[in-house]
Amino acid sequence: MTFTTLDHLPDDVAAGLRTGSLSPYLGPGMLGLCAELPVPGDPLALATVLTTRNSVPGKIKNRLTQAAQFIENFKHRKTLVSGMDLAYAALPAPSPLHRWVASLKTPLIVDAWYDDTMRGALSGRSDWAEVQGLSQSEHFGTWFGWYGADGQPLTEEPVDVTTVFYKPWGGHLPASNYLVSDSDHVEVLTEIDIQTPIPPVVQARRASLGFVFLGCRFNDQLPRTFARQIMKRSGGPHYAVLPDAPTRMEARFLEEQGVTRIALPLAEVAAQLTRGVAVAA
């Protein structure tokens with residue numbers, strides 16, 4: 001398999017993020033940049049939190065989507081949502097990279113994890129709106145929900161906002177929307193190839209954008225599938241900060257999608273991007 005690997009951060013990446021031709025695509029690894037981590041920062045940590053409060057069979061205890069499905073089936077959906085709310089009730093202090101991303105006038109930010117950190121970093125702005133993926137078990141027939149910068153629901157797509165903040169798996173605030181169980185994801189995956197669950201505004205904006213993956217891994221089918229479908233028909237180019245050697249499936253994903261790997265630690269990339277930039281706290 002062949003894909004480009006760089007041992008440095010290209011000037012074009014920083015410039016593209018600043019000018020809005022590249023879009024930040026954030027994963028759970030972004031939480032590793034925060035000074036304190038009061039919320040689960042990866043699927044295993046989240047599965048541990050959920051199964052500490054709700055017993056599940058040992059063979060699925062460390063498998064997030066299966067454990068969440070067991071809790072939903074045998075303890076009720078409300079129990080699962082309550083567990084997720086407790087897991088993400090705390091707001092981590094945004095890292096300098098979160099705040100730098102929030103300072104950009106980028107057309108689109110994708111955040112594929114459940115925490116409120118990026119939302120907190122954006123709280124000083126009013127020219128953005130958030131769209132979250134919705135569970136079909138709670139919102140049958142409605143694939144996503146829009147919220148203003150104040151957290152209030154929106155009845156129409158805000159096509160003119162400067163920044164669209166897209167959380168395809170939902171998030172804690174403002175309305176406890178979570179795609180986390182097997183059935184949550186299966187419902188979306190049955191439609192995602194024809195793009196139904198992806199908001200039209202996101203589809204329109206990505207057409208002229210490339211993506212920079214920060215804090216993401218692609219060693220599981222779910223993050224690969226969502227990333228592939230969110231990238232579909234996007235303008236490119238694409239980059240991923242991946243300091244560790246990619247797994248076989250990650251390497252295949254990078255090659256298929258034409259993603260350039262930046263083989264640097266995320267903390268080092270964050271330091272380079274934010275160096276000499278004053279970002280308001």
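Tyr239 has Thr260 in strand β12 as its bridge partner, and strands here are DSSP runs of E with at least two residues, while helices are runs of H or I with at least four, both numbered from the N terminus. This is a predicted model, in which local features need pLDDT of at least 70 and side-chain atom pairs count only at pLDDT 80 or more, whereas totals for chains, interfaces and linings use all residues. Residues are numbered from 1 along each chain as its sequence is written, and side-chain values use heavy atoms, with hydrogens and water left out.

Strand β12 (residues 259-262) runs parallel to β11 (residues 238-241), to which 4 bridges join it, and also parallel to β1 (residues 5-6), with 2 bridges; pairing requires at least two DSSP bridges. Thr5 stands opposite Arg261 of β12. Val259 and Arg261 point one way from β12 and Thr260 and Ile262 the other way, all being buried (under 20% relative accessible area with a 1.4 Å probe, protein chains only).

The helix pairs are set out below, with axes fitted to C-alpha atoms over the stretch in contact and angles running from 0 to 180 degrees between N-to-C directions.

| Helix pair | Axis distance | Angle |
|---|---|---|
| α7 (residues 182-192) and α9 (residues 221-231) | within 11 Å | roughly 35° |
| α2 (residues 43-53) and α3 (residues 64-75) | 9 Å | about 25° |

The angle between α2 and α3 makes them roughly parallel, a term for angles under 35 degrees. Their contact, meaning heavy atoms within 4.5 Å, is made by Pro43, Leu46, Ala47, Leu50 and Thr51 of α2 with Leu64, Ala67 and Ile71 of α3.

In the other pair, His185, Val188, Leu189 and Ile192 of α7 meet Leu222, Thr225, Phe226 and Gln229 of α9.

Methods:
Angles under 35 degrees count as roughly parallel, over 145 as roughly antiparallel, 65 to 115 as roughly perpendicular and the rest as oblique. Buried means under 20% relative accessible area, exposed over 50%, partly exposed in between (1.4 Å probe, protein chains only).
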